[in-house]
Amino acid sequence: MKFTRNNFKIAIVGGIVAQIIFEAYAWLISPLLFGPELQPAKLVMGLFQKYLGISITYPVAFGIHAFIGAIGFGLFTLLFYKLLNGRPILSGAISGLILWFVAQGILAPAMGREFMMGFGAYTQSSFIAHIGMALIITLFIKWRLSIVRLS
């Protein structure tokens, strides 16, 4: 399992692509399928207020979540891609499942919400979003690495 600077770049670009697709899903598709828009920036705002005593605006919280989604999620997913020997579906599913659990099973309850928010529509949509985002990243990584190997 070797990590290179190029792997990190590819994972981050994949994270950016996935974050853009996530935002389209969160605002346009989730309301059609599940009802609620996904607005994780509100969770970020609440966490900053509750644990740091800092009020941040929605745009700042949105930027923080987008940064974490693009960079953090990209690199976290790369780790599983490497650990599972380049199996994009398995690594995407596992990393997405872990991050979904962190969001809904740890962070949401840290804000006083019910565990996994009662497995309601928001949590179900969040599941699709986290798994989908991780799959986009791992498939992007596989695609970009195959291009690098060919050149």
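Leaving aside neighbours within four places in sequence, L38 is in contact with F22, Y25, A26, W27, S30, Y122, S125, S126 and A129, where contact means heavy atoms within 4.5 Å. L38 also belongs to the largest nonpolar core, which has 17 residues. The model is predicted: local features need pLDDT of at least 70, side-chain atom pairs count only at pLDDT 80 or more, and totals for chains, interfaces and linings use all residues. Residues are numbered from 1 along each chain as its sequence is written, and side-chain values use heavy atoms, with hydrogens and water left out.

**The nonpolar core**

- A nonpolar core is a set of buried Ala, Val, Leu, Ile, Met, Phe, Trp, Tyr and Cys residues joined through side-chain atoms within 4.5 Å.
- Buried means under 20% relative accessible area, exposed means over 50%, and partly exposed lies in between (1.4 Å probe, protein chains only).
- In the largest core, the residues that touch the most other members are F22, L38, M133, I137 and I141.
- Two or more residues of this core come from each of α1, α3 and α5 (121–150), and α5 gives the most, with 7 residues.
- Helices (H or I, at least four residues) and strands (E, at least two) are DSSP runs, numbered from the N terminus.
- In soluble globular proteins, nonpolar side chains tend to be buried together.

**Helix α1 against helix α3**

- The axes of α1 (residues 5–33) and α3 (residues 58–83) come within 8 Å and cross at roughly 130 degrees, which makes α1 oblique to α3.
- Axes are lines fitted to C-alpha atoms, for helices over the stretch in contact, and angles run from 0 to 180 degrees between N-to-C directions.
- Angles under 35 degrees count as roughly parallel, over 145 as roughly antiparallel, 65 to 115 as roughly perpendicular, and the rest as oblique.
- On the α1 side the contact includes F8, A11, I12, F22 and W27, and on the α3 side it includes F62, A66, I71, L75 and L78.
- By class, this contact has 13 nonpolar, 6 polar and 2 charged residues.
- Ala, Val, Leu, Ile, Met, Phe, Trp, Tyr, Cys and Pro count as nonpolar, Asp, Glu, Lys and Arg as charged, and the others, Gly among them, as polar.
- F8 is found in α1 and is partly exposed, with a relative accessible area of 37%.
- Not counting residues up to four places away in sequence, F8 touches F3, L75 and L78.
- F8 and I71 are 63 residues apart in sequence and 9.2 Å apart in space, C-alpha to C-alpha.

**Helix α2 against helix α4**

- The axes of α2 (residues 40–52) and α4 (residues 88–110) come within 9 Å and cross at roughly 45 degrees, so α2 is oblique to α4.
- L43, L47, K50 and Y51 of α2 meet A103, L107, A108 and A110 of α4.
- By class, the contact of α2 with α4 has 7 nonpolar, no polar and 1 charged residues.

**Loop residues**

- Q39 lies in the loop between α1 and α2 and counts as buried at 18% relative accessibility.
- Not counting residues up to four places away in sequence, Q39 touches W27, Y58 and Y122.
- Most residues other than glycine have a negative phi.
- N85, in the loop between α3 and α4, has a positive phi near 55 degrees and counts as exposed at 68% relative accessibility.
- M117, in the loop between α4 and α5, has a positive phi of about 50 degrees and is partly exposed, with a relative accessible area of 23%.
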